[in-house]
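This report walks through one protein model. It starts with strand pairing, then turns to the core, the domains, the ligand shell and a few backbone details.

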Amino acid sequence: MNLRKLIMLPGPTNVPDRVMVAMLNPVMGHRTPEFSVLMKGILDKSKQVFQTSGDVIVLTASGTGGVEAAITNIVKPGDKAVVTVYGEFGERAADLVKGCGAEAVKIESHFGDIPKIDQLEEAFEKNPKAKALVIVANETSTGCSFKQLKQAGDLAAKYGAYFIIDAVSNLAGEDVPFDKIGADVVATGSQKCLAAPPGLAMVAISEKAKKYITENPPSLLYYNIPRYLKYAKELQTPFTPALPLYHALDEALNMVFEEGLQQRIKRHTMCADAFYSGFKAMGLELFAKERARSNTVIAVNYPKGIDDKQFRGTLDRDHRVIVAGGFGEYKGKVFRVGSMGEVSRYHVLTTIAAVNQTLKELTGQVNSKNPTEVAKAKLAGL
Ligand SMILES: Cc1ncc(COP(=O)(O)O)c(C=O)c1O
């Protein structure tokens, strides 16, 4: 059975063959010098991707594990945390805060938009002792991203709050420079903009957060950050790592630096721009407000009368292109395209052409504009 399809999901995404092949490396002992060499490479390169001089740990877990570790190692019973909620992943972050026995001060915005910095400021004025500010940098469920990370970091610093970021779906696809924005804990996953298979979460930790977490260790076993930091000093992991995924991540990180991090972010920006322009040329309405639009997840409203299952089923069956549906209350109303990882001219133009053809068949309407030409114009040099 040939399972190869164009995976235009907001994760997991297409994985380059050389990253897949890296998983054929033989299994090694994880308490050996060979493993430490692999680990050193991953940690050094991960720090550059996070743009931090601080520490990074790698968890054998999906992105949720990284976010859970980030929040549960900082937030304690009785604390308050300001949390941006502009989609499903913000809701989950707020639930995690509550699960720690703390209060989540939710800063909400209409889905399709992002909270404003004034709203955060107001929340801190009312809750000056809030222990943390938790922001989902890229809300995969709505195709929106929070653009004012530096201002948010400054605000957290002003109030002495730890700045925690869920960058699962945009690290390496959008600029999230850890040190520059004053982040304290940032979590990401392997299967999104890094174009590695799913199964690993990376978490970057500032000196300030490290001191706090080490002096106030959580009563957790697996997601216990101090344990990972202690073992990372010896280039080891506290628990058995998913070795094939480590090899894959190492190779995926090599590819990031062969391309250059900033060039990779630029490519994501160009591809997102081409998608937005191409979909608009089809007469489709974009879900996210222009000022909120994500660089890595393109959310589009279905035109009236289009059935989600039929649309995505046709794309899959006839074009072997896989896109995601809407989340929660937007199921059936929105489709989402992941524009991340190795996304380039081929992925964008193939997806645009397949979506255009499918809509033409399902609606019987023909566009006056040629969406492929419109998208192509945005991809010069790619
Ligand atoms: C912003 C964000 N946070 C967290 C997650 C959870 O990641 P995972 O499904 O890898 O656990 C996702 C997954 O799509 C995400 O997009």
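## Strand pairing

Two strands pair if DSSP finds at least two bridges between them. The model is predicted. Strand 8 (residues 162-166) and strand 9 run parallel, joined by 3 bridges. Within this pair, Asp166 stands opposite Ala187 of strand 9.

Strand 9 also pairs with strand 10 (residues 200-205), here in the antiparallel sense, over 5 bridges. Val185 faces Ile205 of strand 10 across that pairing, standing opposite it. Strand 10 pairs with strand 2 as well, antiparallel and over 6 bridges. In that pairing Asp55 stands opposite Ile205.

## Burial of the strands

How many residues of strand 9 are buried? The count is 5 of the 5 residues, 185-189, so the strand is largely enclosed by the rest of the structure. In a regular strand the side chains alternate between the two faces of the sheet. Strand 9 is covered on both faces. Val185, Ala187 and Gly189 are buried on one side, and Val186 and Thr188 are buried on the other.

Strand 2 is mostly covered too, with 5 of its 6 residues buried.

## The nonpolar core

In soluble globular proteins, nonpolar side chains tend to be buried together. The largest nonpolar core in this model has 123 residues. Which members touch the most others? They are Ile71, Val97, Leu133, Ile164 and Val203. Helix 11 (residues 261-281) gives the largest share of this core, 8 residues. The core draws at least three residues from each of domain 1 and domain 2.

Take Leu133 as a case. Setting aside neighbours within four places in sequence, Leu133 is in contact with Val82, Ala152, Leu155, Ala156, Ala161, Phe163 and Ile164. Ile164 is, like Leu133, among the core members that touch the most others.

Domain 1 puts 23 residues into the contact, and domain 2 puts in 26 residues.

On the domain 1 side, helix 11 and strand 11 (297-301) each supply at least two residues. The largest share of that side, 4 residues, comes from helix 11. By class, the domain 1 side has 11 nonpolar, 7 polar and 5 charged residues.

## Around the ligand

The shell around the ligand has 13 residues. Which of them come nearest? Ser62, Gly63, Thr64, Thr140 and Val168 do. Helix 3 (residues 63-72) gives the largest share of the shell, 3 residues. By class, the shell holds 4 nonpolar, 8 polar and 1 charged residues.

## Backbone exceptions

Most residues other than glycine have a negative phi, and most peptide bonds are trans. A cis peptide bond joins Gly11 and Pro12, with omega about -5°. Pro12 sits in the loop between strand 1 (6-7) and helix 1 (17-22).

Gln51 has a positive phi, near 60°. Its loop lies between helix 2 (33-50) and strand 2 (55-60). Leu235 likewise has a positive phi near 60°. Leu235 lies in the loop between helix 9 (225-233) and helix 10 (243-259).

Are these two residues buried or partly exposed? Gln51 has 18 other C-beta atoms within 10 Å, so it is partly exposed. Leu235 has 16 such atoms within 10 Å, so Leu235 is partly exposed. The cut-off for buried is 20 or more.

Glu251 belongs to helix 10. Why does Glu251 count as buried? Glu251 is buried because 21 other C-beta atoms lie within 10 Å. Leaving aside neighbours within four places in sequence, Glu251 is in contact with Arg18, Val19 and Ala22. Val323 is 72 residues from Glu251 along the chain, and their C-alpha atoms are separated by 26 Å.

Key: Residues numbered from 1 in each chain as written. Predicted model: local features only at pLDDT ≥ 70, side-chain atom pairs only at ≥ 80, totals over all residues. Core = buried A, V, L, I, M, F, W, Y, C linked by C-beta atoms within 7 Å. Buried ≥ 20, exposed ≤ 12 C-beta atoms within 10 Å, placed from the backbone. Domains from an automatic or database assignment. Contact = placed C-beta atoms within 7 Å. Near = placed C-beta within 6 Å. Nonpolar A, V, L, I, M, F, W, Y, C, P; charged D, E, K, R; others polar.
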